[in-house]
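Student: Could you take me through this structure slowly, and tell me each time what a term rests on?

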Amino acid sequence: MSELDAILDRSLHGGLPSTAEARVLADTALSAPLLPVASTLRDRGFANLITYSKKVFIPLTHLCRDVCHYCTFAQAPKKVVAPYLTIDQVLETTAAAAELGCKEVLFTLGEKPELRYKTARDALSAMGYESTTDYLHDVAKAVFDETGLLPHLNPGTLSLSELERLRQVAPSMGIMLESAAERLTQKGMPHYGSPDKDPQVRLQTLADAGRASIPFTTGILIGIGETRQERVESLLAIRDVHETYGHVQEIIIQNFRAKVGTKMVNAPEPDLEEMVWTLAVARILFGATMSIQAPPNLSPGVLPRLVEAGINDWGGVSPVTPDFVNPEAPWPELERLASETADAGKYLHERLTVYPDFAVDRTRWLDEKFQTPILQAIDAIGMPRIDSWSPGEAEPPPRDIIDLVRKSTPLVSTDVAAIIDRAQDGADLAHGEIERLFNARGDDFAAVCQAADQLRSQCNGDVVTYVVNRNINYTNVCYFKCQFCAFSKGKLSENLRGKPYDLSDNEIQRRVHEAWERGATEVCMQGGIHPQYTGQTYLDIVHTVKTAVPEMHVHAFSPLEVWQGAQTAGLPLESFLSELKEAGLGTLPGTAAEVLDDEVRAVLCPDKINTEQWLSVMRAAHTVGFNTTATIMYGHIDQPHNWARHLINVRDLQKETGGFTEFVPLPFVHMEAPLYLKGKARKGPTFREAILMHAVARLALNPYITNIQASWVKMGHAGVMACLNAGVNDLGGTLMNESITRAAGSAHGQETSPEAMIAMIESAERTPRQRSTTYGDISLERHRASFRAADLIAIENTPARKYERTERRELVRPGIRA
């Protein structure tokens, strides 16, 4: 094995080349042996995605104290209309950009022009500023405050104090190193006479940005007289700083373009081989996870070659403004950019100016001003939400995602295809495989959905089931502090909106009778954890239902309620569950699961039962002969790795007991949730994530759980219709009175009648079947009774009585911490 082959082999095994090994790469004449390694590394880090930022370009000033020999951006005072754009001019342009869907405002400006030009000093003084940096601070602040666009600042070299101040108004910044070769600053070279192009000064700014914890962009400019060895040395200098601070979010490889009116107008431009070679070397030097960018407007017609060299990002593309640094090179239209990216076998996806890992780790990298706006603008891995859909809202689902679910002959990534094959063969998917499926986008997303739909067809045929039931939430008084819940009320609740209630036996029985008359076969009963409730309370609730209508199936009590009931009754779980069974309880809902990963539960529901306790209740329920459902409530503070752990926990217990009848994804409805209102949660899952949760569950739980349900009250009718093409075979209950999701702000109503259920299912060209709670058949009498039901009588929520804790019984708080 040659020395080069050994270096490339180590790179493929996760090792970064040493300085000495990097010099070997610099001596590699051709890019050909580098490309397969660079492309493989990129795919490991970014799969099938190539990203871009939809931005508006603001040249705040063209004045600059430097005189780079290739630059047409910098102009003398006599050649500009005004020394600086005014704040009003900037706001006018950025407001128009926001209307067109831009999310980033890129501020590019000459470096410290006030140190060279009296014109600049006078203009700043007239506006009340001492420096360009001070003016930039206020302009960036105004743009974010007025338009919501995220500023990315490129003001050049800065001191640590300047960086720290600008961090308060911009979530990301950048400076192109261009080259670490001091030779280029000598007389006759392109950086001669440009004090800010001293490599050590620029590297100091890069390091200070790391000290200030600023997500930072940097890179090199190739073809300005540097050697390949100097390019590699420049990249290594950047890597050294990044390894200290971890703040570099992208490396830009920009190819020099000769421009009329500059000293380098006749200088040769780097050819495609030089660009491809440099990109591949950059990828190998920085490994799989660093973002490597090449501007698409500077290499028109050859973009697939750049993708082959290992890039994963095109940088900013503006529908509003030109590239003021390279005005001769227009931005490609986004449709054409997407097409050329697809020609390279990749999927074009928008990103924010803050890269995903930095957006997710917001408390470390972002000023407090940006933490909530960015959190609520991203999905679970930090990519931007690209449509306005959220669970529970009336907004229709995005058409492009619905169409993608059914896209014909998708071009699938090799790893995704292999995972799908294993899932369809009934293999237990590993954590990393499940997480990979959750990250599927573009054609990979289509492939996952279609594989799930094929499994659905094999397991369930074309039958789609539903149950006629009524939700009865017997109390909204609760002493737990779940951060997602907008339903509970009580002395110890953080959310005191609305009136607390505790239903009387008479009201429960009235609702049960009414449900039976309207064709229901089930009542689904859950409530808050009332401080005066004991195990006997839950037994009494079951007796109340069975006294009213003995034939009614009682599907009731979350694992939290069972745990609290057993504790207050002084009984082991199995003994208490046996008493509930004897009293007439039929099945248990698998709610209170939220996300079965204590990393999430420690924040989301810290005093609730933890993951192992939830599983122990379900295990005990299955042991005494109950069937239960399993749920996940997702899309708040969680990520794909948490979802994968959840599915594995459910799958492993199902393999042990076989007691779960179905898996029910419940997307987080954010509008009234306390955690969202505090600015600490996302806006629920994106539509893509919601569809994937159903599809991946079908694949990951195969062959152990064969029923996957979609929640119409959270997804909406159009949403569940899309889910029917992504592995779903059940639409849950008609509900009659849905109150928990409505309390969180859902607009999807209280009831979907059997007639509406059947219409939805038949419009999807599937066969509807009314089922029992446990997926059995129901009687013809019940089926007929469910149609043309009378309107519901207005419910009466019995006001909760004021109570004093006369008993000193300690409240049950089983969770991670009290």
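Tutor: Helices (H or I, at least four residues) and strands (E, at least two) are DSSP runs, numbered from the N terminus. The model is a predicted one, in which local features need pLDDT of at least 70 and side-chain atom pairs count only at pLDDT 80 or more, while totals for chains, interfaces and linings use all residues. Residues are numbered from 1 along each chain as its sequence is written, and side-chain values use heavy atoms, with hydrogens and water left out.

Student: Where does S213 lie, and what makes its phi worth a remark?

Tutor: S213 sits in the loop between α8 (199-211) and β5 (216-222). Its phi is positive, about 55°, although S213 is not a glycine. Most residues other than glycine have a negative phi, and most peptide bonds are trans.

Student: Which peptide bond is cis?

Tutor: The bond from N702 to P703 is cis, with omega near 0°, and P703 belongs to the loop between α28 and α29 (712-723).

Student: Why is Y775 called buried?

Tutor: Buried means under 20% relative accessible area, exposed over 50%, and partly exposed in between (1.4 Å probe, protein chains only). Y775 has a relative accessible area of 13%, and is therefore buried. Y775 is found in the loop between β18 (767-770) and α32 (780-785), and its phi is near 75°, a positive value in a residue other than glycine.

Student: Why are α8 and α9 called roughly parallel?

Tutor: Axes are lines fitted to C-alpha atoms, for helices over the stretch in contact, and angles run from 0 to 180 degrees between N-to-C directions. Angles under 35 degrees count as roughly parallel, over 145 as roughly antiparallel, 65 to 115 as roughly perpendicular and the rest as oblique. α8 and helix α9 (residues 228-245) pack at an angle of about 15°, with their axes 9 Å apart, and the two helices are therefore roughly parallel to each other.

Student: Which residues of α8 and α9 meet?

Tutor: L203, L206, A207, G210 and R211 in α8 meet A237, I238, V241 and Y245 in α9, where contact means heavy atoms within 4.5 Å.

Student: How do you know that β12 and β13 pair?

Tutor: Two strands pair if DSSP finds at least two bridges between them. Strand β12 (residues 522-526) and strand β13 (residues 553-556) pair in the parallel sense over 4 bridges, and C524 stands opposite H555 in β13. They belong to an open sheet of 4 strands in the order β11-β12-β13-β14, with parallel pairing. What makes β11 (469-473) and β14 (585-587) its edge strands is that each pairs on one side only.

Student: How many bridges join β10 to β17?

Tutor: Strand β10 (residues 463-467) and β17 run parallel and are joined by 2 bridges, with V467 opposite G733 in β17. The open sheet here has 3 strands in the order β17-β10-β18, again with parallel pairing.

Student: What makes a set of residues a nonpolar core?

Tutor: The set must consist of buried Ala, Val, Leu, Ile, Met, Phe, Trp, Tyr and Cys residues joined through side-chain atoms within 4.5 Å. The largest such core has 134 residues, of which V448, M525, F557, W614, F663 and L731 touch the most other members. Its largest share, 10 residues, comes from helix α28 (residues 687-700). A second, separate core of 91 residues includes A209, W277, A280 and L285.
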